[in-house]
Structure formats: C-alpha cells, structure tokens
Amino acid sequence: LIRMAQQLYQGDPFALELEQPLYAFDSTTIDLCLSLFPWAEFRTTKAAVKMHTLLDLRGSIPTYVAITAGKVHDVRMLDQLPVTRDAIYTMDKAYTDFKRLYSLHKQEAFFVIRAKDNLRFKRLYSAPKDQAAGVRADQIIILVTPKSKRDYPEKLRRISYVDKELGKRLVFLTNNLTVSAPTVADIYKQRWQVELFFKWIKQHLRIKAFFGTTENAVKSQIWIAISVYVLVAIIKKQLKLETELYTILQILSLTLFEKTP
C-alpha cells in the first residue's frame, strides 16, 4: 500500500522548491496500562509502545514504521532507518547523535536537525545573514569536544533563525551546504506534518482503546490504522478528490472501528 501511495504522489507539487525527496522522522508514545500490557516496558509504573515513523512529506505517506516498547530510545532507531541517497531527513533534537548523523552523511543523504543548547563548536567562517528572512547566522563549523569531533570529523553548517510567527529563536544543524538558509528553516517547519499524522492516528483510530493485550494484538491494530490511512490517501488520488486528506479521514473515522453489537 505504501509503495502504491508513493507512486501516486511522487509527481505532486511540493511546498518547497526541492527536487530531492524530503522525509520527517519522529516517534509518538502510546500509553498503556502496565498490569494489562507487562511486555510494553516504559517506566516502573507505566507501560507504553512507541511508534517510530518516517513520513514522506510529498503526500504525507508513512514509508517506514517500527513499533517498539516505550523504553527504546528514539536515537537508536536511526540505526534501522532506510536511507535514500540524496534525500533530506528532518528530525528534532532528540535524534542528536553525531556518530549516527555521520553515518547518514557517509550514505550521501542530508539531514536538518535542531541543535541542542549545549553544542560546543568552532566557527570556521560565516555567510552573509539575511535578517529580513529571519536568518541571524549562517556558519560553517566544526565540533570541538573530543567525542563529538571523533564521531563527526567533518564540517557542519549551523543556522540561527528567528521564527517570527512563534517569536522563537531556533538553531539548526545540517550537512547540506548548498540550499539557502531560509530553505533549511522551511525544511524543518515541514516536520509538523508528522505531528499531524500522529495526532490523527491517535485521535481517529481509537488507538487508545485496544481490542487485545498481547504484543501482536497491539501491533496488528496499529498496522490496521496505518493501512486505513494509506488506503484513504490512495482513494483521494485515484478519485481526484480536492478535499484535504485529514478532512476525508475525519469524515470516515466517525463510523470506523465502532463496536456494533
């Protein structure tokens, strides 16, 4: 289903002027009751599963999903990420692991990630900043702490950006040295699509109420939810529906998964 949907959406116009594929990688935690779901280890008093999702931002199609126990750290899932050469992956700062990011770089893929506040670096040179576009700094840097320098020995690009809508200063790190600084900020903004996907999956497919308590039952229900989402994306394209994907899904979800005697 995912392959079918991707093929249908691959020619779609994109919010950004990018030729290469753009993906958002993130996870969401689904809380469970520890006494009913003891296999889903999370905290001493809580159980949970995590849904790690790679979303193709052209069409908002989930292309890779891994379901793990809640205690599995987000950054470890970078080891299993299917990497496409020349594609751009955008992630939040929870995925800051320079060894794993360098592995992405060596696979000739690009990343855009929020920088942590305690990042230690040395500036090599700066590009002219575009304050009108919110760009406060556009720098080429190298990392300076022994571990980070060993894990990521090459140059990185650091962009300081002020989001005028949020009134918030954001700092990004990327290994893409050619796209403009405002485009880097726009790439990161596209991450909201993965948040929308998680919100919809949780709200409209009744995923908080599981029909079974085994690991297989929980995973089956999540995969059913994802299958429905992708089927609706396919229908939208095949029937040339102008309505937003999430609106169609909301209409359908009013009757979906209802328990009928």
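**Ground rules.** I am working with a predicted model, in which local features need pLDDT of at least 70 and side-chain atom pairs count only at pLDDT 80 or more, while totals for chains, interfaces and linings use all residues. Residues are numbered from 1 along each chain as its sequence is written, and side-chain values use heavy atoms, with hydrogens and water left out.

**Entry: Ile235.** I began with Ile235, which is partly exposed because its relative accessible area is 40%. Ile235 sits in helix α6; helices (H or I, at least four residues) and strands (E, at least two) are DSSP runs, numbered from the N terminus.

**Entry: α1 against α6.** Staying with α6, I asked how its axis meets that of α1. The axes of α1 (residues 2–9) and α6 (residues 215–238) come within 9 Å and cross at roughly 35 degrees. Here axes are lines fitted to C-alpha atoms, for helices over the stretch in contact, and angles run from 0 to 180 degrees between N-to-C directions. The crossing of α1 past α6 is left-handed, a term I use when the near helix is turned anticlockwise from the far one by less than a right angle (right-handed if clockwise). On the α1 side, Ile2, Met4, Ala5, Leu8 and Tyr9 make the contact, and on the α6 side Val230, Ala233, Ile234, Lys236, Lys237 and Gln238 do. I take contact as heavy atoms within 4.5 Å. By class, the residues of this contact are eight nonpolar, one polar and two charged. For the classes, Ala, Val, Leu, Ile, Met, Phe, Trp, Tyr, Cys and Pro count as nonpolar, Asp, Glu, Lys and Arg as charged, and the others, Gly among them, as polar.

**Entry: Phe37.** I next moved to the loop between β1 (22–32) and β2 (47–56), where Phe37 lies. Is Phe37 buried or exposed? Phe37 counts as buried, because its relative accessibility is 6%. Beyond its neighbours within four places in sequence, Phe37 is in contact with Leu32, Ala47, Phe210, Gly212, Thr213 and Val218. I noted that Phe37 and Glu215 are 178 residues apart in sequence, yet 7.9 Å apart in space, C-alpha to C-alpha.

**Entry: Thr28.** In strand β1 I stopped at Thr28. Thr28 counts as buried because its relative accessibility is 10%. Leaving aside neighbours within four places in sequence, I found Thr28 in contact with Val49, Lys50, Met51, Phe198 and Lys202.

**Entry: two positive phi values.** Ser60 is not a glycine, but its phi is positive, about 55 degrees. Ser60 belongs to the loop between β2 and β3 (61–69) and is buried, with a relative accessible area of 7%. Lys240, also not a glycine, has a positive phi of about 55 degrees. Lys240 is placed in the loop between α6 and α7, and is exposed, with a relative accessible area of 68%.

**Entry: the largest pocket.** Which residues lie nearest the centre of the largest pocket? They are Asp12, Gly59, Ser60, Gln193 and Glu244, from a lining of 20 residues. My pocket rule uses a 1 Å grid over the protein atoms alone: a pocket is an open set of points where a 1.4 Å probe fits, with protein on both sides within 12 Å along at least five of seven lines, and lining residues have an atom within 4 Å of a point. The pocket holds about 510 Å³ of space, the volume being the space filled by probe spheres set on the points, which are joined across faces, edges and corners. The elements giving two or more residues to this lining are α5 (192–204), α6 and α7 (245–253), and α5 gives the largest share, three residues. I sorted the lining into nine nonpolar, five polar and six charged residues.

Methods:
Buried means under 20% relative accessible area, exposed over 50%, partly exposed in between (1.4 Å probe, protein chains only).
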